[in-house]
Amino acid sequence: MLVRASSFTVDLGEGGYLIGFTDDYEYPEQMPFGWRCGPATDTGAVVLTITDTGPLKLTVQIHDAPPAPETSAGWDPAEEISLRPDIPALHVATLEQGDILDAWPDEEPALEFPFSSEGSDWVRMRLYCDADDPEPGIGDHGERHLVQLWPAPPTPPVHPDITEADRQARAEYAADMAMPLEDYATVYTDTDMYTDTDRGEQD
């Protein structure tokens, strides 16, 4: 049975969004290329979107038992993963270029999961996706997501098979994330800041 729900628009950055029961997000060490979602940590998931820097209509539902599959036209096949929450409140954050921003609207009441008092709860997350324009790109693609959550012990994820190109993209992303920060930095000396003309004007 549906316990509670929330719907709002998320203004996406360049890397999709994070969703989960934690407010301590870090940039994911892995990206689930070839899938629409994958675990960012035990407590949250990273969701890849068709839309790059544009609006997404997000609906989140909390159920007290596994909901029946969505049969309405338009939804892509669902994917599922298990999460182990840190806190009862659900959080959503967008992945910007090198930054993570809270995306839960201020005017939208917090959505909390009704955990038992035992403290060993797991949650199953099911994701449905649809877009009017299925080609990835910038701007409004008429994209909408439905996230369904319910209490359930951890079980194997449900995802489509990935291609060799997806595996390569995952490996390249992992290699980039493993690169030391100093390898991205460029050191300039004082003399690099001036042209020959600048030096002549200062003499």
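**Note on the predicted model: sheets, rings and cysteines**

1. R126 stands opposite Q148 in strand β12. Helices (H or I, at least four residues) and strands (E, at least two) are DSSP runs, numbered from the N terminus. Two strands pair if DSSP finds at least two bridges between them.

2. Ground rules. This is a predicted model, where local features need pLDDT of at least 70 and side-chain atom pairs count only at pLDDT 80 or more, while totals for chains, interfaces and linings use all residues. Residues are numbered from 1 along each chain as its sequence is written, and side-chain values use heavy atoms, with hydrogens and water left out.

3. Overall make-up. The protein chain has two helices and twelve strands. From the N terminus, the order is β-β-β-β-β-β-β-β-β-β-β-β-α-α. Of its 203 residues, 39% count as buried. Buried means under 20% relative accessible area, exposed over 50%, and partly exposed in between (1.4 Å probe, protein chains only). Contact means heavy atoms within 4.5 Å. Among contacts with a separation of 6 or more, 80% come from residues 24 or more positions apart.

4. The mixed sheet. Which strands form it, and in what order? Five strands make an open sheet, ordered β1-β6-β12-β10-β7, with mixed pairing. β1 (2–11) and β7 (79–83) stand at the edges with a single partner strand each, so one side of each has no neighbour in the sheet. The twist averages 20° from one strand to the next. For such angles, axes are lines fitted to C-alpha atoms (for helices, over the stretch in contact), and angles run from 0 to 180 degrees between N-to-C directions.

5. The antiparallel sheet. Another open sheet of five strands has the order β3-β4-β2-β8-β9, and its pairing is antiparallel. Here β3 and β9 are the edge strands, each with a single partner, so one side of each is left without a neighbour in the sheet. Neighbouring strands are turned by 30° against each other on average, direction ignored. Four bridges join β8 (residues 91–96) to β9. Within that pairing, L95 stands opposite I100 in β9.

6. V46. This residue sits in strand β4 (residues 44–47). V46 is buried, with a relative accessible area of 0%. Not counting residues up to four places away in sequence, V46 touches Y17, L18, P28, Q30, M31, P32, R36, C37, G38, A40 and L95.

7. Aromatic pairs. A search of the whole structure finds four. Rings of Phe, Tyr and Trp (its six-membered ring) pair if their centres lie within 6.5 Å; planes under 30 degrees apart count as stacked, over 60 as edge-to-face and the rest as tilted. How are the rings of F21 and F113 arranged? Their centres are 5.9 Å apart and their planes at 85°, so the pair is edge-to-face. F21 lies in the loop between β2 (17–20) and β3 (37–39), and F113 in the loop between β9 (99–102) and β10, so the pair ties together parts 92 residues apart in sequence. F21 is buried at 0% relative accessibility. F113 is buried at 5%.

8. F33 and Y173. Ring centres are 6.1 Å apart and planes at 75°, so this pair is edge-to-face. The pair links distant parts of the chain: F33 is in the loop between β2 and β3, Y173 in helix α1 (residues 164–178), 140 residues apart. Buried or partly exposed: which applies to F33? F33 is partly exposed at 26%. Y173 is buried at 14%.

9. Charges over rings. The rule asks for NZ of Lys or CZ of Arg within 6 Å of the ring centre and within 35 degrees of the ring normal. R144 lies over the face of W75, at 3.9 Å from the ring centre. R170 lies over the face of W35, at 4.2 Å.

10. Cysteines. A disulfide is a pair of cysteine sulfur atoms within 2.5 Å. By this rule the count is zero. C37 is in no disulfide; its nearest cysteine sulfur, that of C129, is 7.5 Å away. For C129, that distance is too far for a bond. C37 is buried at 0% relative accessibility. C129 is buried at 3%.
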